[in-house]
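Dear colleague,

I am passing on the structure we spoke about, and my notes on it follow below. Please read them with the model open beside you.

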Amino acid sequence: MATTESRPAMTPARDAGASAKDAGAPARRVSPQARGMLALAATVAIWAAFALSARALSASSLQPADAALLRFGVPVVVLAPALWRRRRSIAAVPPATAAKIVCGAGVPFFLAAMYGGSLTSAAFVGSLIPGMVPLFVSALMVAGGRGAPRGTQAAGLALIAAGVVALVWRYVVPVDTDVLAGAGVLLLASGLWALYTVGLKEVSLDPVGSIGLLCVPSFAVMALLVLTGVLPTGLASAEGADIALFLVVQGLGVGLCAGLLYAFAIRRLGAERSSVFGSLSPVAVVLLAVPLLHESPTPSVLVGVPVITAGVVLANRRRAAGAGARATATTAAGTATAAATAATTDTAATTDTDTDAATDTDAATDTDTAADPKGAVDA
């Protein structure tokens, strides 16, 4: 009886707590969007830091192999327990798909980005690599039997191409072989990243599993190349400040945080808003390169970077309802499947079960996968 009588006494307290929770619910409903914007802002800052570090590597005491070891080794060490639990699902990825991911964002991509950055500028790295990804992905889609880009997406891709021409034109007459070679290597890196983007569409791993699939074999390859003397290393004699900088930017930032933060941002804000906002990273690179690397934007940079950015934004715009429905039926079906997979992935990777995730699936469905400038996970 005593227990029975005590329950009504506790009910008002619970009701009061529930009422207080309900009263505060409207204010908390804004916070998921705010957290998504913060995650996206941090992701863009990390992407910009990657471009800046690619340019700064040539002036540091580290070799490209050293930066690669930090880039791929830190995530492996930090995520080792989680990766061990996912070892079977990672090993089950088809070899062809795994090769796309490992080659597209692993050692070949990293070395190409670092070498191209050493020959050009941070603005080139920040613009050419992410900016050309939509073009390369569209080309891969067309080669795979998908329909050709139409409407605003085609216009956006044309703007990207025009921006790249504006960016490199002044180095064609007269010919600057170093810059043109660097730009060519950066275009190669962008094509590799597009391959990585396509590969991610073919796997059902969560973000942590995707990071493991990329970093474990990449770190093993880099360690083998360094131990056998194929690539030089200066890690033992490098300055501590350089090691700390690349450990934070490449290892923790690009290798670990960017992918997880971008997946979280997509879940909160939707793929369309995230990709359009993410396309501002070239502008951030140009602005940050002035005080940090003492680079002065040339007229070609001031013209080419905004045009590339506008092209990426236009290529990622939501298609008008009903426009080109017949021509894009196959692509839309594939996008819906990829969006459903991405929504499941992001939910598994995040303990927060807020119901706003459903809206992100809708937004991701409306975004053409060929126009994604960064892929599902980040660099």
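The axes used here are lines fitted to C-alpha atoms, for helices over the stretch in contact, and the angles run from 0 to 180 degrees between N-to-C directions. Please keep in mind that this is a predicted model.

The protein has 16 helices and 0 strands, and 47% of its 379 residues count as buried. Its accessible surface comes to about 17,000 Å², with 69% of that belonging to carbon and sulfur atoms. Of the contacts between residues at least 6 apart in sequence, 90% join residues at least 24 apart.

Helix 2 (residues 64-78) and helix 6 (residues 107-119) have axes that come within 10 Å and cross at roughly 130°, which makes helix 2 oblique to helix 6. Their crossing is right-handed, and it brings P64, A67, A68, R71 and F72 of helix 2 to meet V107, F110 and L111 of helix 6. The residues of this contact divide into 7 nonpolar, no polar and 1 charged.

For helix 8 (residues 151-168) and helix 14 (residues 299-315), the axes come within 7 Å and cross at roughly 165°, so helix 8 is roughly antiparallel to helix 14. The crossing of helix 8 and helix 14 is left-handed, and the residues that make the contact include G156, L159, I160 and G163 of helix 8 as well as G304, V307, I308 and G311 of helix 14. By class, this contact has 17 nonpolar, 7 polar and no charged residues.

Definitions and conventions:
Residues numbered from 1 in each chain as written. Predicted model: local features only at pLDDT ≥ 70, side-chain atom pairs only at ≥ 80, totals over all residues. Heavy atoms only, no water. Helix = DSSP H or I, 4+ residues; strand = E, 2+ residues; numbered from the N terminus. Buried < 20%, exposed > 50% of the residue type's maximum accessible area, 1.4 Å probe, protein only. Contact = heavy atoms within 4.5 Å. Areas by Shrake-Rupley, 256 points an atom, 1.4 Å probe, with all protein chains shown as cover. Parallel < 35°, antiparallel > 145°, perpendicular 65-115°, else oblique. Left-handed = near helix turned anticlockwise from the far one by under 90°. Nonpolar A, V, L, I, M, F, W, Y, C, P; charged D, E, K, R; others polar.
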